[in-house]
Amino acid sequence: MTEDSAAASLPAEQAVSDGPTAVPAALEAALEEAVRADRLLVALDFDGTLAPFTKDPKDSRATPRAEAALQRLAVAEHTWVGIISGRTMDFLRSTVDPQQRMLLSGSHGAEFDLTALGPDAQQVDIELSAQQLVTLEVAVEATHRVIERYPGSTAELKPAGVCFHTRPMADQSLSDQALQEMLEEYTALDGLRITPGQQVMECSVLGATKGEGLNALVDAVRADLVVFAGDDVTDEDAMQELRAQDVGIKVGDKETVAAHRVSDVHALAEVLERLAELRERSHSLR
Ligand SMILES: O=P(O)(O)OC[C@H]1O[C@H](O[C@H]2O[C@H](CO)[C@@H](O)[C@H](O)[C@H]2O)[C@H](O)[C@@H](O)[C@@H]1O
């Protein structure tokens with residue numbers, strides 16, 4: 001049994017309840033330790049972790065509680081908030097962090113905007129070779145072929161890839177079938193990194209992972225300790241990079257190497273609130 005599955009099996013009254021939060025006891029203990037770090041990075045996936053799923057990807061937003069906690073953490077001393085997402089940098093800049101307080105890694109670790117650290121900070125944009133552009137075009141054509149066969153499915157175009165969405169489809173078994181067909185189409189093509197997700201099948205002509213995204217943020221702020229949360233398969237690439245002292249939190253019930261688990265975006269928002277509160281308190285005592 002992992003530390004947190006032990007915590008999850010505790011009776012409700014044994015969960016720590018302090019003010020508005022009810023964080024599992026093992027996770028509460030890990031957060032109390034984490035806030036003692038000199039340099040703390042709080043790194044988060046976006047969809048399914050901060051934001052509930054929506055039919056149209058353009059509509060998704062972090063929950064108000066998560067957003068408020070992130071803003072508190074982003075202005076806390078020696079504390080940085082990072083977003084490591086499959087979303088495009090345009091979406092992260094315009095919708096997730098318009099106030100430019102966060103470190104951003106988009107397209108699953110392929111692009112970065114670290115200007116929250118200062119005007120000279122690193123920015124990495126996506127540049128594709130001629131061959132990669134051709135591969136991307138072929139992948140987009142394959143996506144449209146499957147969309148024609150499955151009404152309701154949609155495509156989300158990205159600078160280095162394409163995301164095939166089935167959430168708008170009413171019939172779950174047809175949605176599963178469509179995802180399988182999309183996987184087969186992408187697998188038949190060379191030069192693609194394929195990442196299944198929550199009612200999406202995504203491919204990219206770049207091989208970057210969220211593990212690389214996380215390591216770049218850790219290096220940029222020289223973080224002693226990371227708290228990372230994510231819900232999906234691609235987040236496991238970042239979970240795998242966590243060090244002994246770091247805190248990994250899985251959102252939802254998918255398989256994970258993380259030591260801790262919470263049920264959904266709302267439970268994660270409570271954890272972030274608690275983290276903000278503990279970090280502020282620990283600084284006020286220094
Ligand atoms: O790494 P993430 O921040 O979790 O992004 C992964 C993909 O998330 C988005 O798709 C998911 O959220 C959509 C909006 O709620 C939902 O419609 C879809 O079913 C989910 O899979 C996003 O649209 C993709 O671009 C991201 O790669």
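This is a short tour of the model, stop by stop, with something to select at each one.

Before you start, note that this is a predicted model, in which local features need pLDDT of at least 70, side-chain atom pairs count only at pLDDT 80 or more, and totals for chains, interfaces and linings use all residues. Residue numbers run from 1 along each chain as its sequence is written. Helices (H or I, at least four residues) and strands (E, at least two) are DSSP runs, numbered from the N terminus.

**Stop 1: the four-stranded sheet**

Select β8, β9, β10 and β11. They form an open sheet in the order β8-β9-β11-β10, with antiparallel pairing; strands count as paired if DSSP finds at least two bridges between them. At the edges you will find β8 and β10 (193–197), each pairing on one side only. Neighbouring strands are turned by 20° against each other on average, direction ignored. Axes here are lines fitted to C-alpha atoms, for helices over the stretch in contact, and angles run from 0 to 180 degrees between N-to-C directions.

Now zoom in on β9 and β11, which pair in the antiparallel sense over five bridges. Pick Phe164 and look across to its bridge partner in β11, Met201.

**Stop 2**

How do α5 and α6 sit against each other? Helix α5 (residues 130–149) and helix α6 (residues 172–187) pack at an angle of about 155°, with their axes 10 Å apart. They are therefore roughly antiparallel, the word for angles over 145 degrees, while those under 35 count as roughly parallel, 65 to 115 as roughly perpendicular and the rest as oblique. To show their contact, select Ala139, Ala142, Thr143 and Val146 of α5 with Ala178, Glu181, Met182, Glu185 and Tyr186 of α6. By class, six of these residues are nonpolar, one is polar and two are charged. Nonpolar covers Ala, Val, Leu, Ile, Met, Phe, Trp, Tyr, Cys and Pro; charged covers Asp, Glu, Lys and Arg; the others, Gly among them, are polar.

**Stop 3: Lys158**

Next, pick Lys158, in the loop between β8 (154–157) and β9 (161–165). Is Lys158 buried or exposed? It counts as buried, with 24 C-beta neighbours inside 10 Å. The cut-offs are 20 or more other C-beta atoms within 10 Å for buried, 12 or fewer for exposed, and in between for partly exposed, with C-beta atoms placed from the backbone. Leaving aside residues up to four places away in sequence, Lys158 touches Thr88, Ser107 and Cys163. Show Met89 as well: Lys158 and Met89 are 69 residues apart in sequence and 9.5 Å apart in space, C-alpha to C-alpha.

**Stop 4: strands β4 and β5**

Move to strand β4 (residues 79–84), which pairs with β5 in the parallel sense over three bridges. Ile84 stands opposite Ser105 in β5. Along β5 (residues 103–106), Leu103 and Ser105 point one way, Leu104 and Gly106 the other, and all are buried.

**Stop 5: helices α3 and α9**

Finish with helix α3 (residues 64–75) and helix α9 (residues 265–284), whose axes come within 8 Å and cross at roughly 25°. That makes α3 roughly parallel to α9. Their contact includes Ala66, Ala69 and Leu70 of α3 and Leu268, Ala269 and Leu272 of α9. By class, the whole contact has ten nonpolar, no polar and five charged residues.

Notes:
Two residues are in contact if their C-beta atoms, placed from the backbone, lie within 7 Å.
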